[in-house]
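Try each task before you read its solution.

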Amino acid sequence: MRPVAAAVLACVALPAAAAPPRAAVRVDARVELLSVLFYLAGAREYARAYDTPYRRAVDAHFGAFKDHAAVAATRELRARFGISHNAPPQLAVQLDDRFAARLALDPVPAGVDDRWRKVDVPAYLKQVQAFARDTGFAAFFAGEERRLAAVETRVGAALRAAGVDGWFDATFGPRPGVSFFVCPGMLVGPWSYSATVELGRGREEIYQVVALEALDAQALPTPTSMTIDLVVHERAHAYVNPVVEAHADLAAAAAPAFAAARAAMERQSYPTAKVMVQESIVRALRVLYARERRGDKEGAAALRDEEGRGFVWTGALADLLARLRGKGRLDLDSHVPALAEFFQKLAPAGGRP
């Protein structure tokens, strides 16, 4: 999860295949519905949605429903359980096109933020479905089709030109059975998130909810390298997070470094050593991508950006990952000891190995 300067939503479906897939752009109604609810509930991160024609259309269509039971329930979820930021989209992608659970949500499955474990999710979804019905959400969403189609055209062209799929296949190998979706959010403001749906039998859907930047006079995005790097950042979580989750020794090794960097991490809503490790590796991969796809100058700019966010060890970690990969593919699982040693040495060295 990371904040950026950004703006609108599209959803790019990247079907799993042995060959690099081609990005197709579409809007994800499930993410939008949950975003509307948290926006109306006054969640500060969703309240920071950019002033676009889409947001003004949301205000006009849904403004009369601010006292709806689903909005009140959403407000209570945030106050009582801290449901915020990545938690809404992570629930959204677990739903079908009628906003009912695709898979059992009791208990909450892997890939959904732990905060939902405290919530009666089936009861909340009944209120969400009632909100969609009572407000005419489907009609509103259909009415935005032309606006969103223009966004999709801009975003799709940029993603196809960037070669993100090919870079990840070359770095980690193809992932048969895994479908990737890039879903930047219309109402997520400056934040980006990852979400996963585990369907069983080796099938998995991985979503990248990313905010886009650089709106033009028509409120359409003009994607730049920052947009592409957002996709890279969120895609990298799909490879990094499972490894960090499976190896508690990584978080343990990083605990002293996290204590030293706690203030900078918590300002960005990274509250644990585990999350810091995940973010650190993801950001190092972003730098590697920039170096290899756009050259050393762009790689240096990406590095300065990450260091400016408090991840001052990013350059050293990117160099380590490049050495571990060599001329082949990067198997993070097999390099856990080297990564643990890296994070263990951070605190005594002041964050610069």
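A pocket, on a 1 Å grid over the protein atoms alone, is an open set of points where a 1.4 Å probe fits, with protein on both sides within 12 Å along at least five of seven lines; lining residues have an atom within 4 Å of a point. Grid points are joined across faces, edges and corners, and a volume is the space filled by probe spheres set on the points. The model is predicted, with local features needing pLDDT of at least 70 and side-chain atom pairs 80 or more, while totals for chains, interfaces and linings use all residues. Residues are numbered from 1 along each chain as its sequence is written, and side-chain values use heavy atoms, without hydrogens and water.

**Exercise 1.** Describe the largest pocket and its lining.

- Start with volume: the largest pocket comes to about 1,000 Å³.
- Next, the centre: of the 33 lining residues, Asn86, Gln90, Asn241, Glu245 and Gln278 are closest to it.
- Then the elements (DSSP runs numbered from the N terminus: helices are H or I, at least four residues; strands are E, at least two). Those giving two or more residues to the lining are S5, S6, H10 (225-246) and H12 (273-294).
- H10 gives the most, with six residues.

**Exercise 2.** Work out how S5 and S6 pair.

- Two strands pair if DSSP finds at least two bridges between them.
- S5 (residues 191-200) and S6 (residues 203-209) have seven, in the antiparallel sense.
- In the hairpin, two residues sit between the strands, and Arg201 takes a positive phi near 55°.

**Exercise 3.** Check the length of H4, then find which residues are buried.

- The expected span is 1.5 Å times one less than the number of residues.
- For the 13 residues of H4 (residues 69-81) that gives 18 Å, and the end C-alpha atoms are 18 Å apart, so the two agree.
- Buried means under 20% relative accessible area, exposed over 50% (1.4 Å probe, protein chains only). Ala70, Val71, Ala73, Thr74, Leu77 and Phe81 are buried.
- They cover an arc of only 165° around the axis, so they lie on the same side of H4; the arc is that of the directions from the helix axis to the C-beta atoms.
- On the other side of H4, Ala79 and Arg80 are exposed.
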